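Student: Could you take me through a close look at one part of this model, where helices pack together? I'd like to see how you read it, step by step.

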Amino acid sequence: MTALDPTPPLSRAVARRYRHRYAVLDVETTGLRPEAGDRVVQVAVTLLDARGVVERSWSTLVDPQRDPGPVDVHGITRERLVGAPRFAEVAPTVAELLTGRVFVAHNAGFDWKFLRSEMSAAGVPLPSRQRLCTWRLAKQLDLPVENLKLSTLAAHWGIEQVRAHDAVDDTRVLVEVLREELAAAQRGRVRLPLWRAGRRGVLARLVSRWGRRVRRVLPGVLPRGA
């Protein structure tokens, strides 16, 4: 882990409104489905304080113990992975980085499910309890852009993207996108779309409550899973 050059802080109003510390991250993978055996081949994490100041940055290639997948997309070949640690070896470091932070990624559900799968296989709990998707936040900001891809948002704010689908560069870009989004959200008094681990949505709670009531009145009508 290395310290980065100082980043100009966002306004104090941002920190007052959004009292969070952030772990901004990106993973590159062998495919799209961890449940089908796809694995992480690269992970990068940058830590920000509540005013968007970069505190630390860390990254590593990861030996997936299988073929690296779409090399034409992420550029990570078998040769580059020679000598890379297995995920279980870096899982404690990942846990340390994420502890006490809001987990931030673009299309955050994708990165979350891969890290959750890898951490579980390593026997290390995923410590993040809150997740923030920069795609969803951009949607709430109603930006004048044709789509919400990371490259599009970067271009909108004049952020240089050197190499897409490289976890280190994508995380660097995402840090700047998040800072722009937080500043815009504060100006517009926008509530951050935070997802909290272990909390079911309102609809799911209502459906569950309705199911319990129906079972009490009409036993046997609904299965126990409803």
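Tutor: Helix 6 and helix 8 make a left-handed crossing, a term used when the near helix is turned anticlockwise from the far one by less than a right angle, while clockwise would be right-handed. Helices here are DSSP runs of H or I with at least four residues, strands are runs of E with at least two, and both are numbered from the N terminus. This is a predicted model, where local features need pLDDT of at least 70 and side-chain atom pairs count only at pLDDT 80 or more, while totals for chains, interfaces and linings use all residues. Residues are numbered from 1 along each chain as its sequence is written, and side-chain values use heavy atoms, leaving out hydrogens and water.

Now find residues 134-141, helix 6, and residues 167-187, helix 8: their axes come within 10 Å and cross at roughly 35 degrees. Those axes are lines fitted to C-alpha atoms over the stretch in contact, and the angle, on a scale from 0 to 180 degrees, is taken between N-to-C directions. From helix 6, Thr-134, Leu-137, Ala-138 and Leu-141 meet Leu-174, Leu-178, Glu-181, Ala-184 and Ala-185 of helix 8, where contact means heavy atoms within 4.5 Å. By class, this contact of helix 6 with helix 8 has seven nonpolar residues, one polar and one charged. Nonpolar covers Ala, Val, Leu, Ile, Met, Phe, Trp, Tyr, Cys and Pro; charged covers Asp, Glu, Lys and Arg; the others, Gly among them, are polar.

For another view of packing, turn to helix 4. Its twelve residues, 87-98, reach 15 Å from first C-alpha to last, close to the 16 Å expected at 1.5 Å a residue; the expected span is 1.5 Å times one less than the number of residues. Phe-87, Val-90, Ala-91, Val-94, Ala-95, Leu-97 and Leu-98 of helix 4 are buried. Looking down the axis of helix 4, you would find its buried residues within an arc of 160 degrees, so they line one face of the helix; the arc is that of the directions from the helix axis to the C-beta atoms. On the other side of helix 4, Glu-89 and Glu-96 are exposed. Buried is under 20% relative accessible area, exposed is over 50%, and partly exposed is in between, with a 1.4 Å probe and protein chains only. The cover over the buried residues of helix 4 includes strand 1 (22-29), strand 2 (40-48), strand 3 (54-61), strand 4 (102-105) and helix 5 (108-122). After helix 4 comes Gly-100, with a positive phi near 75 degrees.
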